Protein chains: 4
Amino acid sequence: MIVVMKQGATSAQIVNVTARIEQLGCRVHISEGEERTIIGVIGNGRPLDRRPIERMDGVERTVPILRPFKLASREFHPKNTVVPVNGVMIGGKQLVVMAGPCAVESHDQLLETARAVKSAGAHVLRGGAFKPRTSPYSFQGLGEEGLRILAAVREETGLPVVTEVMAPQQVPLVTTYADILQIGARNMQNYALLHAVGEAQRPVLLKRGMMSTLEELLMAAEYILSHGNDRVILCERGIRTFEQYTRNTLDISAVPLLKQLSHLPVIVDPSHGTGKWRLVEPVSRAAVAAGADGLLIEVHPHPEEALSDGAQSLKPARFAELMQSLEPVAEAVGRTL
Amino acid sequence: MIVVMKQGATSAQIVNVTARIEQLGCRVHISEGEERTIIGVIGNGRPLDRRPIERMDGVERTVPILRPFKLASREFHPKNTVVPVNGVMIGGKQLVVMAGPCAVESHDQLLETARAVKSAGAHVLRGGAFKPRTSPYSFQGLGEEGLRILAAVREETGLPVVTEVMAPQQVPLVTTYADILQIGARNMQNYALLHAVGEAQRPVLLKRGMMSTLEELLMAAEYILSHGNDRVILCERGIRTFEQYTRNTLDISAVPLLKQLSHLPVIVDPSHGTGKWRLVEPVSRAAVAAGADGLLIEVHPHPEEALSDGAQSLKPARFAELMQSLEPVAEAVGRTL
Amino acid sequence: MIVVMKQGATSAQIVNVTARIEQLGCRVHISEGEERTIIGVIGNGRPLDRRPIERMDGVERTVPILRPFKLASREFHPKNTVVPVNGVMIGGKQLVVMAGPCAVESHDQLLETARAVKSAGAHVLRGGAFKPRTSPYSFQGLGEEGLRILAAVREETGLPVVTEVMAPQQVPLVTTYADILQIGARNMQNYALLHAVGEAQRPVLLKRGMMSTLEELLMAAEYILSHGNDRVILCERGIRTFEQYTRNTLDISAVPLLKQLSHLPVIVDPSHGTGKWRLVEPVSRAAVAAGADGLLIEVHPHPEEALSDGAQSLKPARFAELMQSLEPVAEAVGRTL
Amino acid sequence: MIVVMKQGATSAQIVNVTARIEQLGCRVHISEGEERTIIGVIGNGRPLDRRPIERMDGVERTVPILRPFKLASREFHPKNTVVPVNGVMIGGKQLVVMAGPCAVESHDQLLETARAVKSAGAHVLRGGAFKPRTSPYSFQGLGEEGLRILAAVREETGLPVVTEVMAPQQVPLVTTYADILQIGARNMQNYALLHAVGEAQRPVLLKRGMMSTLEELLMAAEYILSHGNDRVILCERGIRTFEQYTRNTLDISAVPLLKQLSHLPVIVDPSHGTGKWRLVEPVSRAAVAAGADGLLIEVHPHPEEALSDGAQSLKPARFAELMQSLEPVAEAVGRTL
């Protein structure tokens, strides 16, 4: 941390600030410029809260130097983390495609979708049993019944399943059915929930909040990692901007940046990231070209009858075409599908 | 809802869409323009999910006409809702000021603050026992010990207390201690939590998410209202933008707009809304002038030693000055303090 | 500027960076932390471009310390600047209200409006002769004819006029008619235009770009000031966010922050800042309470027939009510109207 | 356009609105719902300003139905536009790569860069002679001297050149030297400039404003097209968001969306779009995979000595590697390089 003193800060103010910093177990390094004094803080290994210092007399502002995440950082863990899920290796050379409906609606619907996406080459089945919906009057998911359907279809197809968990008290239940626990965008900073999945014995797919910085996403991962679960998969799913033709703005730079900053696998959700099925194929190709470790794609056999997010779901035939079009792109960047 | 068909949509496509809409229990009204056909949907009183329709062949897009919230709307409930809390009337002619530290740190700290803010004229004591923090390594609050301190200080000062609840399973515990349950910005779309406080017997202070539209805030209120709790207080606390000199951008228009759209009381948090104590006083005056029903202000006796958010906390003497400066502004807009 | 070296940066890299900085006429101050070396740069009074340094081997990033604006800063010029315009003092104790139609449409329309706003207490007449419109098919303003009407109405009413100039080559023409040159939000970073008005002999009303930070606004002011024109008036008019109920999000904190950072007068445009006439009155009151030096308000005698921005224009009777409601608020913060 | 009347709007209000619409030469279609009356407006081919209608008594809001751009739309011009520049076909099957320094600094610097990028496979040379800089104290470009250097290097290498024009009065001068006129992001809504290049006899590279919607970008293109110049190339270069690790957030969905909405070629600028040279390669690959018609890339032989934007410039050797890595991606999506 750097403390920038105000122009005209008094010696007494500088002394107070340095005393306070030393009291917190850090050392200081004072640099007197022509206009201002700058105080460098040499840490003791533990992160320091900048804000109380900012409030001291004579201080103009403080500037963070170190990244606030550690376990999630590539500096701490230089090699790529690979998360194995029933024989699927997430974060390895092979791309991992997770596909399925937004919401589990019935056994027939899920089984039909699962068979279609499996035969097109998908590796993991997605489907929501608990659905976060902006309206209390919208379909909220089948709940435990949906989880049972997911497990049944896993038996029938061999595809591992990823499904969302929305509350800490649901974690034990969802863990008994799911292979991967998904934390949705709206819950990225639901710390009680992060804590709970940090203690669960399952990989976690952590979606970036729609208005979260990459640093905050990595801090959310840090919560999970610091509670003992090191199988975290990051997911870019678009952020909220002023643009109105798309539901969200997919942040493609997030893919290489997360790979540089962190060792965790990064997958991309082009369905929520765009909100329009016509954009899913080109954006999926872009994600693979940018270095993503996989994709999370909504597929529904009858999108016009879907109980949620029909507008962004691909039909199975389109999904199969997408998978074929991804293959040469994957190969072009040294990956397999 | 309006369905805009593509230029060149076929009659068969138009027939399919109208059949689908009628199947959902609605009536249609077709309008053929020079370039496109527009299908007006006349509802059956229940909200309709637009997205599956959007996915049908020949449809370009759909346009919502009705607001998706009902119980929260002023059309449904024309009179202002007033929420009574231990004799304090939130949403009435008198402004309500809630003040106190970001986090409860000790009995002494809270009592000192409470006495100071009470003597300056505050009506409610704020203080966090469970703290949502972006870093797992930051102070997470005193937990139940913090709740006990809040209750003790309420006894000693007579000030009702507002404190945050972060998880559904904490609701019963927090309800036994607090007069108002606070839902933090990061949890505005934590639907399991909204459901839980919707069933609690306490007023709820609902903070706007930093990434949320006003419509989403009102939909979050609708969750709580629809689960039976009609004592909801809305709180504008700044949204995230590209501006970097402030922590958030306080959306001042939200105050009159929420008052027009809804009957619920609206309070403003200038401390989080700006992140800088020097801005708290002018922005508090602005909030009152814009028609807010109250303020939520961080006050700490020693901000430079605060365990969280020292940078935006006022010292008691500054807070007293603020209260004095608010009085003529309140009077200028026909309110009392 | 602070240069943060990468973890593991070599001595040779550190030497290279310091050599490069010294070559640019600055001194360095090296601080070796436990994980990283930090190089403080002590300037020679001229601003330094950080980006080339950022590109050097071993550098992780650079951090600016000094504000990049000087002539616009309060540190450079501690007293408030007051801009006199035909006897109206902008930035003094008295608030200045500029009112009038978005676009000049005819002599009758402007004269009717001018008389109405003058009798309600406005000090300056606004009206666009050159209109920046997102569509090439929308009304683009009356051009020089509009300027002549403005000048004629000034003669008839005694109100000084403010009007927009959109291109460098228009500056001489507009200067012959207008008392204040307005730079619109879309042109805030039109540097050729800023240069031109910097050399003009007229006060300049500089609107914040809808996508601009406050630092960029102050840098745009710096362009004008550095070309010799010290009569710059800053104008907050709302920024673009994800919120959709309002046209822009008025950044109320900008008012006190600009007053703290700069000596220039700050006025607020609640008409563009909200886009809805129903919000103009409460947001105007908020702006005054936050410390604005004045307001820029759209008034049109027949908004439903206006050729532009009718949705945000007040009718004269509403404007008169607004002026009355502002008086006690102005008084409450020690200003007059 | 759809006009949504307020709940409880009177018959007289509805009659007034329909009369006003008919007076504007349009027909109406009235639909009475259970709660509200909706008035559909059937146009006369010319765009209609919604805002004055919005201001009429009884109107709640209006909803646009048609896109406001016409000449730029794919509906109007279904085939892809291909812009030929000295034998390079922009928008054809072959991708077009424009590369070179941010600013022209000297003949030697530009020639060295031009030879390097040409031998790596670039098709067009970029370089700024007039530089828009946020600070008046930063290097503003060599001006006409820079243009002469560009023309000389074109002679020596055969590469056509693209360079920015910042003001209407510069258009004739820049046109005598440049093969493509660039409109920078800050000038995307500088309508006087769009008008001027609309009348110039040169292709125009139009960069998206950093806070502009795609609709606004297409409206800016419409300005140029409507003034007679049909050789417009769109450029996505990142938009401003709250994310702070990158300079801008490159909107990858813009590529397929612009190709769907418009017939104009679309190129991507990953250098400004990310601001970090380490991200240029993966994001370039993503742009090609998403369907971009070309790339605009900053290359500088000595980025650490560059007079502007060194942090995002590639060295020639890196650029050559990038070109090689693009080839298989281009092939994977059916393009050549």
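Q: Is C:Pro282 buried or exposed, and how many other C-beta atoms lie within 10 Å?

A: First, the rule: a residue is buried if 20 or more other C-beta atoms lie within 10 Å of its own, exposed if 12 or fewer, and partly exposed in between, with C-beta atoms placed from the backbone. C:Pro282 has 26 such atoms, so C:Pro282 is buried. This is a predicted model, where local features need pLDDT of at least 70, side-chain atom pairs count only at pLDDT 80 or more, and totals for chains, interfaces and linings use all residues. Residues are numbered from 1 along each chain as its sequence is written, while chains are lettered from A and ligands numbered from 1 in the order in which they are written.

Q: Where does C:Pro282 lie, and what is C:Pro282 in contact with?

A: Helices (H or I, at least four residues) and strands (E, at least two) are DSSP runs, numbered from the N terminus. C:Pro282 lies in helix α10 of chain C, residues 277–289. Two residues are in contact if their C-beta atoms, placed from the backbone, lie within 7 Å. Leaving aside neighbours within four places in sequence, C:Pro282 is in contact with B:Val255, B:Pro256, B:Ala290 and B:Gly291.

Q: Which residues touch the most other members of the largest nonpolar core?

A: In soluble globular proteins, nonpolar side chains tend to be buried together. A nonpolar core is a set of buried Ala, Val, Leu, Ile, Met, Phe, Trp, Tyr and Cys residues joined through C-beta atoms within 7 Å. Here the largest core has 417 residues, and A:Leu206, B:Leu206, C:Leu206 and D:Leu206 touch the most other members.

Q: What about A:Leu234: buried or exposed?

A: A:Leu234 counts as buried, because 27 C-beta neighbours lie inside 10 Å. A:Leu234 is found in strand β12 of chain A, residues 232–236. Among the residues A:Leu234 touches beyond four places in sequence are A:Leu206 and A:Leu258. A:Ile267 is 33 residues away along the chain, yet the two C-alpha atoms are separated by 6.2 Å.

Q: How are chains A and B related?

A: Two copies of a chain are related by a rotation about an axis and a shift along it. Copies are superposed by least squares on the C-alpha atoms of residues with pLDDT of at least 70 in both. A rotation of 180° with 0.0 Å of shift superposes chain B on chain A, RMSD 0.1 Å. The two copies are therefore related as by a two-fold rotation axis. In chain B, the C-alpha of B:Met211 is nearest the axis, 2.5 Å from it.
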